[in-house]
Amino acid sequence: MLATADEVVRSLRGTADLLNRKPGALGRFDISERGFWRSFGAFWLTAPAVVIALALERGRDDLVQSGLFRFDHVTLGVLAGALACFLVVPLAMIAVARRLDLTRGYVPFVVVTNWILVVASLVLSVPGLLLLLGLSTPGLAVVHGLAFGAVLVHLYGSAVRATLGLSGAGTVLLTLACTALVASVAGGVHALV
């Protein structure tokens, strides 16, 4: 199930409103059962980030020699890793939500998490794109990635607070755990490829 253009715009505005801590930000997201399943369709919006990740994994020399798109372990690994990043938090949160009696907030949490992941993947691909184009050095790309990452962790913390009603240490711990989970999946794929 793919999200409609209207839903994409509303969800991206909701994500921006969460970042700016605007009241009513959650109202922009479709947190119905249908919206829940369609939020996974937002994965297709990460295609530009997946292409950049694939180009970075192949490296400049391999790109020149053999091109970007071919069916091999690198392509399969990057695609599987991107998909795994979308699934790991919702699957892990099933147990956490039950254990901490947060099941009421599970659907809004997953919907918002999926849309934040779209924004995060696109934003975090910018330093890689600059690196590929020769407009950045590897060190500068890392600095840009860390700076963008800090903003995205803040955004995710706002989402945890708004959807699950947590505050203080609970928000910090869950935000860091979910962020670490996605980062470890992405890092694991990079190590395997």
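Select Arg-38 first. At 8% relative accessibility, Arg-38 counts as buried, because buried means under 20% relative accessible area. Keep in mind that this is a predicted model.

Show the side chains of Glu-7 and Arg-38. They form a salt bridge, and their closest N and O atoms are 2.7 Å apart. Side chains of opposite charge can pair when their charged atoms come close.

Which helices hold Glu-7 and Arg-38? Glu-7 is in helix α1 and Arg-38 is in helix α2, so this pair ties together parts that are 31 residues apart in sequence.

Glu-7, Asp-30 and Arg-38 belong to one network, joined by salt bridges that share partners. Keep these three residues on screen for a moment.

Stay on helix α1 for the next stop. Select Asp-6 and Arg-10. Both lie in this helix, four residues apart, which is about one turn of the helix. What links Asp-6 with Arg-10? A salt bridge does, with the closest N and O atoms 3.1 Å apart. Arg-10 has a relative accessible area of 28%, so Arg-10 is partly exposed.

Is Arg-70 buried or partly exposed? Its relative accessibility is 24%, so Arg-70 counts as partly exposed. How many salt bridges does the structure hold? It holds seven.

Leave the charged pairs and turn to the backbone. Most residues other than glycine have a negative phi. The last two stops have a positive value.

Select Arg-21. Where does it lie? Arg-21 sits in the loop between α1 (5–19) and α2 (33–41). Its phi is near 55°, a positive value in a residue other than glycine. Arg-21 is exposed, because its relative accessible area is 52% and exposed means over 50%.

Finish at Asp-101. This residue is found in the loop between α4 (73–99) and α5 (106–132). What is the phi of Asp-101? It is near 55°, again positive in a residue other than glycine. Asp-101 has 63% relative accessibility, so Asp-101 counts as exposed.

Arg-38 counts as buried, whereas Asp-101 counts as exposed.

Terms used:
Residues are numbered from 1 along each chain as its sequence is written. This is a predicted model: local features need pLDDT of at least 70, side-chain atom pairs count only at pLDDT 80 or more; totals for chains, interfaces and linings use all residues. Side-chain values use heavy atoms; hydrogens and water are left out. Buried means under 20% relative accessible area, exposed over 50%, partly exposed in between (1.4 Å probe, protein chains only). A salt bridge is a side-chain nitrogen of Lys or Arg within 4 Å of a carboxyl oxygen of Asp or Glu.
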